[in-house]
Amino acid sequence: MSCAGIIGGAALIVASCAPLRAQADCFGDLAGREVCLPRPAQRVVTIPMPSASTFIAVDGSAQRLVGMHPSSKRAIDEGLLGRMFPQARAIDASVAGVGADGFMPNVETLALLDPDVVVQWGDRGDDIVGPLRNAGLRTALLRYGTEPLARGNLTLMADIAGKPERAKELIAWRAATIADIEKTARDIPEARRLRVVYLQRAATGLAAAGANSYYDFYIRLVGGRNAADGLAGAPSINAEQIAQWDPDVILLNGFEERLTPARIYDDEILSATRAARERRVYKMPIGGYRWDPPSQESPLTWMWLADLLYPEAFHYDLRAEIARAYRLLYGQTPSQADLDEALRMPINGEARFYDRFAASASK
Amino acid sequence: MIGLEKAGAQRGRRWIFTDISFMLEAGRILSVLGPNGRGKTTLIKALAGLVPLAAGRRIAPSVIGYVSQSVGADIPYRVLDVVVMGRARGLGLFGAPGAADNRAALDALELVGARDFAERPFDRLSGGERQIVLLARALATGSPALVLDEPASALDLANQNRLLTVLSEVKRQGRHAILFSTHLPQHALSVSDDSLLMLGPSEHSIGPTRAILSEGNLTRLYGLPVRRVTLEDEGRAPIETVVPLFAGAAP
Amino acid sequence: MSLLATASGDTPQKRALPRWAGALAVLALLLVAALTALCIGRFQIAPQRAIAILLSRVAPMTADWSAMDERIILLVRAPRVLLAALCGAGLAVSGAALQGVFRNPLVAPQILGVSPGAAFGGALAISLGFSGFALIGAAFAAGAVALALVGALARVEGRSDTVMLVLTGVVIGALFAALVSLLQFLADPNSSLPAIVFWLMGSFSAATWARLGIAAPGVLAGVAMLWFMRFRINVLSLGEEEARALGLPVERDRWLVFAAVALIEGAAVAVAGVVGWVGLVVPHAARLLVGCDQRALLPVSAALGASYLLLVDSLARSATAAEIPLGVITALIGAPVFAALLRQMRRKELAR
């Protein structure tokens with residue numbers, strides 16, 4: 001029995017029980033501890049990168065978020081969230097460094113923000129949690145990397161925001177999307193399952209996501225196969241290895257700002273892969289948060305990938321789906337230009353099947 | 001050929017020696033004597049161009065055949081390779097020794113009577129053999145001036161004799177000016193024409209060895225009574241030597 | 001120093017073996033290593049086909065292979081094999097020369113601060129989002145700056161003695177290592193941080209003909225310079241005073257050697273990151289074979305270094321689907337081998 005399963009289950013139980021409890025301000029976090037807030041949290045600091053945008057989505061505003069990780073801030077500035085919630089751009093992002101020890105909080109900076117609760121990683125050792133505890137700060141720990149954990153994180157953020165019903169709403173959307181995709185993906189014959197590689201790093205060196213990663217999860221969800229599933233984690237690989245896999249589709253991470261499909265098309269080896277020859281190299285979009293890792297927007301990632309891998313089987317009108325999702329998540333309606341930007345139309349527009357995401361193709 | 005002119009050397013602010021002048025010509029040997037710490041090594045190194053002079057000037061050819069006092073057993077090369085290194089300066093930055101250099105090195109080994117050592121590892125030789133080989137290297141430089149810092153100090157009696165013999169042989173050929181320091185006045189008497197006594201930082205005397213190594217001078221130099229004696233040995237010419245009167249050697 | 005001395009103990013016996021035979025054996029080893037490296041990899045190509053592809057470049061042949069086969073051999077493996085061999089040879093030769101000049105068998109090319117400097121330059125380039133030639137240029141330039149700093153700081157009253165040089169090298173190395181840590185602290189954990197970490201561990205995975213073209217002039221010029229100075233280095237290895245007494249401008253000669261080493265090390269770090277241990281261990285093995293004379297030591301170190309890095313790189317790229325960082329393998333092999341070599345030398349020394 002995996003820990004993820006236990007925690008995910010526990011989170012669901014906590015979420016469903018919450019309204020029944022006498023003290024609605026106590027809830028479990030993903031490290032299995034109980035977190036109690038004396039009053040609804042008014043000042044929240046998040047250190048894990050995706051949490052800031054998740055909290056904003058769950059809360060529907062950026063009012064109560066007072067501090068976040070600098071990388072969260074970069075994603076907000078780079079993506080649509082900063083435009084949808086302009087006040088998010090003003091939130092303090094100096095509570096932690098960005099690099100090797102980047103999740104080590106600066107306790108005194110944090111204390112100045114006077115947070116009711118600090119969201120921190122629960123799966124990266126106690127060293128980054130201890131200083132917070134020591135300073136008497138209330139912590140809520142989350143874990144990361146699988147769909148059950150992603151749902152647990154949504155629940156945790158909703159609990160902190162005092163809006164547990166929001167988590168149920170968003171989880172229901174995830175479950176429905178998965179069910180819908182699975183219904184179609186089930187019928188894709190084994191021989192037609194495309195081999196996909198997600199390159200977690202490609203600008204300098206190459207790294208591919210292996211088995212048990214979240215990328216592996218959604219590649220398989222939409223009926224593909226992770227060509228790199230012989231790897232564990234996301235280790236460095238060489239071009240020769242990719243040539244040996246000869247993937248049908250290459251996904252480029254959305255983290256590396258300068259990375260574009262030209263990286264593949266200009267490479268003497270990678271340009272000879274089937275993916276490159278068929279122009280099926282795509283850069284991951286960025287909406288309210290990056291679409292690669294688990295976030296509140298993950299169902300959009302799945303639909304996007306499903307549409308691209310099997311355009312004859314899946315028929316999501318992604319622009320409409322994004323608009324609907326953004327009303328659900330953020331209470332806002334994105335413009336056509338926002339959608340182009342989120343889908344990275346200028347970068348991906350030339351790729352095969354990407355024309356179905358063009359404004360003209362949407363109803 | 002090689003010499004000093006009103007030369008002085010300092011360590012920090014202290015003068016090691018001052019106002020030393022001499023000039024040594026080819027075919028002559030000069031010995032330098034003095035007690036420990038009086039600056040013999042500094043003088044030798046100044047002559048070899050390794051220590052800068054604080055006063056006066058040094059007159060010397062561009063390369064000196066120098067043999068240092070502390071040549072360790074840590075030179076990991078063949079004897080011939082060590083000797084041929086004497087040619088380094090003439091070979092230029094990117095040069096490697098050729099047949100002519102090897103021939104010069106072998107000639108030098110021949111001259112010191114160590115031709116047989118050529119193929120042996122230098123660090124496997126005895127101290128005396130190493131000293132002889134380094135003398136060969138000094139010769140191989142082609143320099144007309146040989147400067148040796150206490151070449152015999154680590155040698156047993158037989159090897160001391162061997163080294164002195166080699167020095168007089170080199171002298172006899174008349175192409176080199178030889179300058180060496182020593183603790184033993186006997187060595188000076190044995191081979192040198194002239195001697196330099198380092199009596200104090202600003203006091204020294206220089207002159208023909210036999211005259212300058214007087215009992216009075218030596219007693220003053222070393223601070224213990226010293227006698228000059230002439231020994232008759234059967235079937236050999238009488239030789240002059242020096243006997244220090246060490247304490248407590250009563251029969 | 002005693003280690004240097006012992007190695008020569010075998011010289012007379014070894015000389016019994018004809019020189020040309022030894023040279024031939026070492027060359028054969030290198031050739032076998034290079035061909036083996038060319039034939040193995042993750043992309044499956046039969047060895048005879050790999051060699052046929054190679055031969056097709058010089059002799060007309062009927063091609064019974066795919067375009068991808070050809071690209072893998074000619075565009076991926078060939079430059080990578082050459083780059084690994086070049087860097088291995090360069091690093092080993094630098095180590096041999098430095099160990100001679102410093103009269104210390106524990107000296108490695110890192111000692112002059114060039115590697116930490118170059119590492120900083122490369123890491124800086126990566127964190128600024130540069131790759132390719134900008135990265136190489138930055139690594140090279142920073143390595144040269146580190147060497148210049150060491151040179152300037154170690155020079156007191158116009159001379160820099162050995163201890164001062166080594167200590168200054170350590171200080172400057174530590175400074176640049178701290179700057180690298182600072183960059184890692186500031187790097188984006190999503191993108192540049194893993195790239196910096198992997199690059200620092202050393203890899204030839206990005207080898208291309210263009211990169212080979214960048215590294216080759218530096219490495220070759222440095223190696224050629226050391227080769228031409230082979231006899232000079234022998235004389236320098238006698239110690240500073242001895243060399244000066246023999247009429248050599250020791251200070252200048254030493255800096256020429258350092259400059260050559262910096263050229264090699266900077267070029268190697270720039271294209272392959274920091275590859276440790278080669279410059280330390282390989283010269284020891286070479287000395288066991290041929291003794292300390294640089295005239296034999298340099299070529300043998302070059303051949304052994306090239307063969308060694310070829311072996312290590314072949315493992316790194318083909319043992320698993322993931323690239324194993326070179327530094328991990330060189331250290332895993334290098335440390336025990338070095339320990340064994342040290343023990344063997346010590347035993348010989350005691351047996352004298």
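1. The contact between chains A and C draws on 29 residues of chain A and 32 residues of chain C, two residues being in contact when their C-beta atoms, placed from the backbone, lie within 7 Å. On the side of chain A that touches chain C, β10 (236-237) and α10 (239-245) of chain A each supply at least two residues. The most comes from α10(A), with five residues. Helices (H or I, at least four residues) and strands (E, at least two) are DSSP runs, numbered from the N terminus.

2. This is a predicted model, in which local features need pLDDT of at least 70 and side-chain atom pairs count only at pLDDT 80 or more, while totals for chains, interfaces and linings use all residues. Residues are numbered from 1 along each chain as its sequence is written, and chains are lettered from A and ligands numbered from 1 in the order in which they are written.

3. Two pairs of chains touch, and the most contacts are between chains A and C. Chains A and B do not touch, their nearest C-alpha atoms being 40 Å apart.

4. Chain C has 16 helices and zero strands. Its C-alpha trace spans about 65 × 55 × 35 Å along the principal axes.

5. Of the 352 residues in chain C, 57% are buried, a residue being buried if 20 or more other C-beta atoms lie within 10 Å of its own, with C-beta atoms placed from the backbone. Among contacts in chain C with a separation of 6 or more, 77% join residues 24 or more positions apart.

Technical notes
A residue is buried if 20 or more other C-beta atoms lie within 10 Å of its own, exposed if 12 or fewer, and partly exposed in between; C-beta atoms are placed from the backbone.
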